[in-house]
Amino acid sequence: MRRTPFTPGERRALNAYQGVLRDRHRLKNVSRNWRRPRKKRCYSCHEVLSGYEFNRDITTKDGLTAWCKYCERERSRRRAEKARFYIALGEQAARERVEAIMRKRGEL
Ligand SMILES: [Zn+2]
């Protein structure tokens, strides 16, 4: 018996579901047999640290983040700082635009 070929839409759905099953299998394996590595080198500061100095990340092969806790903390702090800086910059630009309009109208 000849099977009717899958349409592109059906094939996409099948491939997506295959991916879901693969991910579920991988996550299950990680949580069941996972052992925290004793030592690991941080990809940011390049220091060899204890496995306890890395956060958990189930998407990586060894189950830990590439960067140590301290570097991750530093990065998120810098990101927040940058965001605050750009927000302030936007507020300043908006204020300058309003002031320019007021000046033009002779109201400042
Ligand atoms: Zn580090």
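This briefing describes the overall form of one protein model and then a few of its residues.

The model is predicted, so local features need pLDDT of at least 70 and side-chain atom pairs count only at pLDDT 80 or more, whereas totals for chains, interfaces and linings use all residues. Residues are numbered from 1 along each chain as its sequence is written. The secondary structure comes to two helices and four strands, where helices (H or I, at least four residues) and strands (E, at least two) are DSSP runs numbered from the N terminus.

**Overall form**
- Read along the sequence, the elements follow the pattern α-β-β-β-β-α. The radius of gyration is 26 Å, well over the 13 Å that the globule rule gives for 108 residues, so the protein is more spread out than a compact globule; this radius is taken over C-alpha atoms, and the rule is 2.2 Å times the number of residues to the power 0.38.
- The C-alpha trace spans about 85 × 50 × 20 Å along its principal axes.
- Of the 108 residues, 5% count as buried, a class that requires 20 or more other C-beta atoms within 10 Å of the residue's own, while exposed means 12 or fewer and partly exposed lies in between, with C-beta atoms placed from the backbone.
- Among contacts between residues at least 6 apart in sequence, 25% join residues at least 24 apart, a contact being a pair whose C-beta atoms, placed from the backbone, lie within 7 Å.

**Confidence**
- The mean pLDDT, the predictor's confidence in each residue from 0 to 100, is 89 for the protein, and 92% of its residues reach 70 or more.
- Where pLDDT is low, the predicted coordinates should not be read in detail.

**Helix α2**
- Helix α2 (residues 69-104) has 36 residues and reaches 53 Å from its first C-alpha to its last, close to the 52 Å expected at 1.5 Å a residue, the expected span being 1.5 Å times one less than the number of residues.
- The number of buried residues among the 36 of α2 is one, so this helix lies largely in the open.

- Arginine 41 is in strand β1 (residues 39-41) and is exposed, with 12 other C-beta atoms within 10 Å; leaving aside neighbours within four places in sequence, arginine 41 is in contact with His46 and Val48.
- Histidine 46 is in the loop between β1 and β2, counts as exposed with 8 C-beta neighbours inside 10 Å, and has a positive phi of about 60° although it is not a glycine.
- Tryptophan 67, in strand β4 (residues 64-68), is partly exposed, with 18 other C-beta atoms within 10 Å.
- Arginine 41 and tryptophan 67 are 26 residues apart in sequence and 8.3 Å apart in space, C-alpha to C-alpha.
- Not counting residues up to four places away in sequence, tryptophan 67 touches Cys42, Tyr43, Ser44, Glu72 and Arg75.

**Asparagine 55**
- Asparagine 55 is found in strand β3 (residues 54-56) and is exposed, with 11 other C-beta atoms within 10 Å.
- Leaving aside neighbours within four places in sequence, asparagine 55 is in contact with Leu64, Thr65, Lys69 and Glu72.
- Asparagine 55 and arginine 103 are 48 residues apart in sequence and 54 Å apart in space, C-alpha to C-alpha.

Notes. Two residues are in contact if their C-beta atoms, placed from the backbone, lie within 7 Å.
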